[in-house]
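Subject: The two-chain model, with notes

Hi,

Here is the structure I promised to pass on.

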Amino acid sequence: MQIHDTPALKAEARNLNFYYGEAQALKNINMPIYDKKVTALIGPSGCGKSTYLRSFNRMHDLYPGNRYEGEIRFFPDNTNLLAADVDPIEVRMRIGMVFQKPNPFPKSIFENVAYGLRVRGENNKRVLDDKVEHALKGAAIWEEVKDRLPEQAPNLSGGQQQRLCIARALATDPELLLFDEPTSALDPIATGAIEELIHELKKRVTILIVTHNMQQAARVSDYTAYMYLGEMLEFGKTDEIFIKPQDKRTEDYITGRMG
Amino acid sequence: MKPLTNEQIRAVIAKGKFRDNVFKATGIFCLALALLVIVALIADMVIKGADRFTIDFFMNFASRRAKDAGILSAWVGSLLVMLVTALAAVPLGVAAGLYLEEYAKRNWITNVIEINITNLAAVPSIVYGLLALGIFVYQFGLGQSILSAGLTLALLILPIIIVSTREAIRAIPAMIREGSMAVGATRWQTCRYHIVPYAMPGILTGVIIGLARAIGETAPIITIGALTFIAFLPPAPFMGEPAAGLFDWVMAPFTVMPIQIFNWTSRPDPAFEVNAAAAGFVLMAMVLSMNAVAIYLRYKMRKKIKW
């Protein structure tokens, strides 16, 4: 890789290990996340992709018995996201997340998007209106919902719900957006819309996405990491990984001989 | 094994369906038996007490003459005691349930607390009465008052409210909690904006079922010394001479519906049995309408919440 086309770092995992109680789920992961790029995490079920993703916003802290070792450095301020003295809430305020299954709150469409702002103490109606509209536009769902903002969010279709969840994450201007298999519960058309959206979003925000779908990784990402049994076997530009994988196991997985 | 012929398949199905029908009949019989008991109870009270369903019955105090006796002090007492019970038990019970589900770490202390809450629900109500007599009536000097009775019944229904709060909270999917935490909410924000509102239908149901149980309790109220013959109402706020304070009524002596009924059934004059039946029906109607409110609220609120 030549130096001159290496973009700025947004985050970097350094010797990251993770344990669910006694069981080690991540083994010594070292990996860069480049600024305003899409990085895809691929690998067979149970390889630790989601575990790795959920380390970035400290979701594991919600449950007892989980333990991190090593660092995830976050730039430009070079904070270690996993440090004991870094508040997980502060981390989640900077890093947004979109889940596997759309999880809108049983509230109005408006309140779903405004929630992140309310949590930050914003109650000014005009500011909320503005930011909600901006976020819904950013998530390419504004045209569909602009006349029904007071309606209950769970009445939307699955694809719309997922874009609403993206809007909810965007409303607070995250620096990094985590996607945990965002299209696995959606039909191909809704999936296409989300993929297009990810393309659009990377102009504004760094994206890390877990996906089960090889074509999706190839379509949306600039960089790809292949994980296997809690280890990161290979990381590189998506074109290079898909055309000329270095590791035999990556090749087997990509070509469908395994996984 | 040879594949079954069509006749054999039909025979197997017929055998299975026969069992279906046998179970269905048994089920209907059991259901009818249970319904019959409650209908018979209500009908019995209505028929026996028919003579007393007049406005006077509701507006009269107790009297030595059965015909003049009414349940005014009893139903007012029951309502006021329920008010104190609800005000004391709901915040405590909901807060305890919320803490155990959302905040408490899973360790042996929480396990012990959990087991004890379940045990508390099984403690005989007379024991709560003894406890209350010692603590509320004598130790705290609250006397034989509405406040003492309300707090006693609050203790009695706390486990019911805690358990139903926890069950309602547990029914909320983890992904809703994660969705809230992922945008940077604190635990309290997550509880305030999501957990409590979404658990509300279940919590309310538990509260009302608890109150319905409390309104029919007799033993603990007798233990703390409710009066059985009382011919005045607790002082209404700002009324009377000199004017009563806003909360003077909580310290007033009182009686409640079940005690009035018990008192009437223990009189030698059979005319009082009519009163007892009529009052029993009124109490029953109070309990059933509370349950109806619980069902209605649950239905209404659940319709709005789906994931």
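A word on conventions: residues are numbered from 1 along each chain as its sequence is written, and chains are lettered from A and ligands numbered from 1 in the order in which they are written. This is a predicted model, where local features need pLDDT of at least 70 and side-chain atom pairs count only at pLDDT 80 or more, while totals for chains, interfaces and linings use all residues.

**Chain A overall**

Chain A has 10 helices and 10 strands (DSSP runs numbered from the N terminus: H or I of at least four residues for helices, E of at least two for strands). Its radius of gyration is 18 Å, close to the 18 Å that the globule rule gives for 259 residues, so chain A is as compact as a globular protein of that length. That radius is taken over C-alpha atoms, and the rule is 2.2 Å times the number of residues to the power 0.38. The C-alpha trace spans about 55 × 40 × 40 Å along its principal axes.

**The six-stranded sheet**

Six strands of chain A make an open sheet with mixed pairing, in the order 6-7-8-3-9-10; two strands pair if DSSP finds at least two bridges between them. Strand 6 (95-98) and strand 10 (231-237) each have a single partner strand, so one side of each is left without a neighbour in the sheet. Inside the sheet, strand 3 (residues 38-42) and strand 8 (residues 206-210) run parallel over four bridges, with A:A40 opposite A:I209. Helix 6 (residues 158-170) packs on this sheet, touching strand 6 and strand 7 (176-180). Touching here is a contact, with C-beta atoms, placed from the backbone, within 7 Å.

A:I209 turns up again in the largest nonpolar core, which has 76 residues; A:L41, A:V98 and A:I207 are also among the members that touch the most others. Such a core is a set of buried Ala, Val, Leu, Ile, Met, Phe, Trp, Tyr and Cys residues joined through C-beta atoms within 7 Å.

**The hairpin**

Strand 1 (residues 9-20) and strand 2 (residues 23-34) of chain A are antiparallel, joined by eight bridges. Two residues lie between them, and A:G21 takes a positive phi near 65°. A:Y20 has A:A23 as its bridge partner in strand 2 and also stands opposite A:N66 in strand 4. Strand 1 pairs with strand 4 (residues 66-74) in the antiparallel sense, again over eight bridges.

How much of helix 10 (residues 257-265) of chain B is buried? Seven of its nine residues are, including B:I259, B:I261 and B:W264. Helix 3 (72-103), helix 9 (219-223) and helix 11 (271-304) of chain B are among what covers them.

Where the chains meet, each gives 20 residues. On the chain B side, helix 7 (174-182) and helix 8 (187-215) each supply at least two residues, and helix 7 gives the most, with six. That side divides into 10 nonpolar, five polar and five charged residues. Ala, Val, Leu, Ile, Met, Phe, Trp, Tyr, Cys and Pro count as nonpolar, Asp, Glu, Lys and Arg as charged, and the others, Gly among them, as polar.

Cheers

Conventions: Two residues are in contact if their C-beta atoms, placed from the backbone, lie within 7 Å. Axes are lines fitted to C-alpha atoms, for helices over the stretch in contact, and angles run from 0 to 180 degrees between N-to-C directions. A residue is buried if 20 or more other C-beta atoms lie within 10 Å of its own, exposed if 12 or fewer, and partly exposed in between; C-beta atoms are placed from the backbone.
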